Amino acid sequence: SKKNARDFISVNAVLDELKNVGDDYYLLMKMQLHTGARIGDLSSLKLKEINFEKGLIYIERGKGEGGSDKKKRIVTMSKTMKKDLQELVKLKKLKPNSLLFPSPTDTAKPVSDNVVLARLKKVLEKRGPDGEDLFDYKAWNREKTHKFRKAWATMAIQAGLDSKYVQEILGHKDDLMKVLYAADALDTNSN
């Protein structure tokens, strides 16, 4: 639908802006778009939980079914994501137990959602040369970083991935969430 196309363009434009300003957590938000995982799932990710040979990311902590004391989730990574992560590992000289996205104040702790949200907000509030809004702040403010996950789910459903698989990757037990994502992905009234 046109709405979904606009959302996808907006998501990519925000990622481009995060990259252009050199934000440390640009890759974290990009990973959300490429994997459908939550910020909390990815912020606690350690290097040893990535299998570059097989192109897999093992989500062992976080909300949903991949959280502690629960079944671990496995998500695939695109070639682009693999390349980006390998560059991050090389640049930061990460060791197997290193967090990929540590807190800016304590590298032994994962970055908090609040830090990531503050970075996103800063980009969303940017103005164009004539003072115009560059992004639909109101729409982004409702969904925040979840907009990246929603874009992934929408693309996955539109590409024909089985909704049960999408639900599993997203870490949702509740069928209602699956229905909401599917309804948005298949919305033909926005055409």
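Leaving aside its neighbours within four places in sequence, Leu-100 is in contact with Leu-45, Lys-46, Leu-47, Ile-50, Leu-85, Leu-88 and Leu-94. Keep in mind as you look around that this is a predicted model.

Where does Leu-100 sit in the chain? Leu-100 belongs to the loop between H4 and H5. Is Leu-100 buried or exposed? Leu-100 counts as buried, because its relative accessibility is 3% and the cut-off for buried is under 20%. If you follow the chain on to Val-111, you move 11 residues along the sequence, and the C-alpha atoms of Leu-100 and Val-111 are 9.5 Å apart in space.

In soluble globular proteins, nonpolar side chains tend to be buried together. The largest nonpolar core in this model has 45 residues, and Leu-100 is among those with the most contacts inside it, along with Val-14, Met-29, Ile-57, Leu-85 and Phe-101. At least two residues of this core come from each of H1, H2, helix H3 (39-43), S2, H4, helix H5 (113-124), helix H7 (146-158) and helix H8 (163-170).

Not counting residues up to four places away in sequence, Ile-57 touches Met-31, Thr-35, Leu-45, Glu-49, Ile-50, Arg-73, Ile-74, Val-75, Met-77 and Leu-85. Now look at the sheet: three strands form an open sheet in the order S1-S2-S3, with antiparallel pairing. Strand S1 (50-51) and strand S3 (73-76) are the edge strands, each pairing on one side only. Strand S2 (residues 56-59) is joined to S3 by four bridges, and these two run antiparallel. To see this pairing on the model, find Tyr-58, which stands opposite Ile-74 in S3.

Rolling a probe the size of a water molecule over the atoms shows where empty space is left. In this model the largest pocket holds about 330 Å³ of space. Its lining is made of 13 residues, and those nearest the centre of the pocket are Tyr-26, Leu-27, Asp-84, Leu-88 and Leu-91.

Which helices supply at least two residues each to the lining of the largest pocket? They are helix H1 (2-20), helix H2 (26-35) and helix H4 (79-92), and H4 gives the most, with six residues. By class, the lining has seven charged, five nonpolar and one polar residue.

Key. Residues numbered from 1 in each chain as written. Predicted model: local features only at pLDDT ≥ 70, side-chain atom pairs only at ≥ 80, totals over all residues. Heavy atoms only, no water. 1 Å grid on protein atoms, 1.4 Å probe; cavity = no way out; pocket = protein on both sides within 12 Å on 5 of 7 lines; lining within 4 Å. Points joined across faces, edges and corners; volume = space filled by probe spheres on them. Nonpolar A, V, L, I, M, F, W, Y, C, P; charged D, E, K, R; others polar. Pairing = 2+ DSSP bridges. Core = buried A, V, L, I, M, F, W, Y, C linked by side-chain atoms within 4.5 Å. Buried < 20%, exposed > 50% of the residue type's maximum accessible area, 1.4 Å probe, protein only. Contact = heavy atoms within 4.5 Å.
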